[in-house]
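Please look over the structure below before reading on.

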Amino acid sequence: MLNCFSENTEQAKTITVIPANEYSTWLGKQNDFTQNWLRTTHFRGEPGNTSIIPDLSGGIATVLYCISDLKNFWGIGSLPLILPEGVYKFENETHYNNYAIAWGLGSYQFSRYKKPTKTPAQLLLPKDATEIINIVEAIYLVRDLINTPTDDMGPSELAQATVELSKSFNASVKQIIGDDLLTQNYAQIHTVGRASDDAPRLLDMRWGDPTHPRVTLIGKGVCFDTGGLDLKPSAGMLLMKKDMAGGAHALGLARMIMTAKLPINLRLLIPAVENSVSGNAYRPGDIIKSRKGITVEIGNTDAEGRLVIADALAEAVTENPELLIDFSTLTGAARVALGTDIAALFSNNDALSTAIMAHGEQQQDYIWRLPLFGGYREALNSNIADINNSSADGYAGAITAGLFLKEFVPNEIPWIHFDMMAWNLKTKPGKPAGGEAMTLRAVFSYLVEKYS
């Protein structure tokens, strides 16, 4: 079990969670000792305020935490690393599961290269904590994969992480590596990754009963992105270890699905590459024949993610899945449009989009739909190929990237494309600085409702 949780019911200290607008009313109902303590310590009862109220022996009687709204559970994520070590429980059980998820996610510390700064306080879990642990452990996996630098998380290591996950759930994995990608008609994946000394590959994991509805996940696995010959500046390259976050998300969601044993015929495709610079790097102006047969002119070697995803999409649709989802850190334009905390969603299916966004609102896993506006398709026109991988004018970059991918998905297959930051620039409650899982709780909630 994760070290932030406990099943030991003995001597668990109570945490009282109070909405800030109800604090004055609550305070008036407390005994003189509690009222005097809070006034003496200048407790203001504002969202995020915490008070450890002692008992007469100097121990902890209770913990008071003020929150903006009882449903706004993210604030709980600050508690495990600010409270003294020990076991705690929430007084109010109405939102216990969401509070426990926030507690678990707020306890995360990436410790592969540096010892944790603090041992988190532990939260007493409810009797049925299966879903809580499933979600928290899956998001830890995603964060760990994203936070690991490329020298320890290149294409071969991402492949190994996929193999290890498959072994835990009796899933199967096939890899197509290096020049075999050309032999088997994955020219875009090969072209993007061929300049690296860690060979490009397509990871293909399968799990579940073949008679169940097919759900296919695709994750962008660009383990580092220099920009290729259209080289990024150093500031733009600094966080590019996170450009495989789409692959990490696909693995995290697959783990959730398999742990919950959802009745799904699951397929997972991760094109794992490193976009490097060498004598055989692909060039602006090159033309690649994609797996679908569409010829692609390279307008920018730094628009590589859509190339590798496109070949994976072309393979995925051959099996006519009931649901197709791809995850990616695809464009800076999506961050400009929505900021770093909201994932952009593109889709060819209105009902599916509406449902996913509703689950995002419910789970406080925020998603906003952007349009696949056909009027912008002409920005990807090429004089010498079927399509260009990059718009020349730079406008609506997230939309034109989505339109590029749309070329590889038939309209009759329900498809969601996520374009996300997958990184917290600073620490917030439940969201430590570094790699972050976005959209996963929303999508998992949707899948549980649809397929359970």
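In this predicted model, the largest pocket holds about 580 Å³ of space. A pocket is here an open set of points on a 1 Å grid over the protein atoms alone, with protein on both sides within 12 Å along at least five of seven lines, while a cavity is a set of points where a 1.4 Å probe fits but cannot get out, and lining residues have an atom within 4 Å of a point. Grid points are joined across faces, edges and corners, and a volume is the space filled by probe spheres set on the points. The largest pocket is lined by 30 residues, of which Lys 232, Asp 302, Leu 330, Thr 331 and Gly 332 are the closest to its centre. Two or more lining residues come from each of helix 8 (234-237), helix 10 (305-316), helix 11 (332-338) and helix 13 (397-406), and helix 11 gives the most, with three residues. Helices (H or I, at least four residues) and strands (E, at least two) are DSSP runs, numbered from the N terminus. The lining of this pocket divides into ten nonpolar, eleven polar and nine charged residues, where Ala, Val, Leu, Ile, Met, Phe, Trp, Tyr, Cys and Pro count as nonpolar, Asp, Glu, Lys and Arg as charged, and the others, Gly among them, as polar.

Residues are numbered from 1 along each chain as its sequence is written. Because the model is predicted, local features need pLDDT of at least 70 and side-chain atom pairs count only at pLDDT 80 or more, whereas totals for chains, interfaces and linings use all residues, and side-chain values use heavy atoms, with hydrogens and water left out.

Since Glu 436 lies in the loop between strand 20 (434-435) and helix 14, and Arg 143 in helix 4, the pair ties together parts that are 293 residues apart in sequence. Glu 436 is buried, at 5% relative accessible area, and Arg 143 is buried as well, at 0%, where buried means under 20%, exposed over 50%, and partly exposed in between (1.4 Å probe, protein chains only).

Two strands pair if DSSP finds at least two bridges between them, and strand 12 pairs with strand 13 (residues 295-297) in the antiparallel sense over three bridges.

In the loop between strand 12 and strand 13 lies Arg 291, 24 residues apart from Glu 315 in helix 10, and the side chains of Arg 291 and Glu 315 meet in a salt bridge (3.0 Å, N to O). Arg 291 is partly exposed at 22%, whereas Glu 315 is buried at 10%.

Technical notes. Salt bridge = Lys/Arg side-chain N within 4 Å of Asp/Glu carboxyl O.
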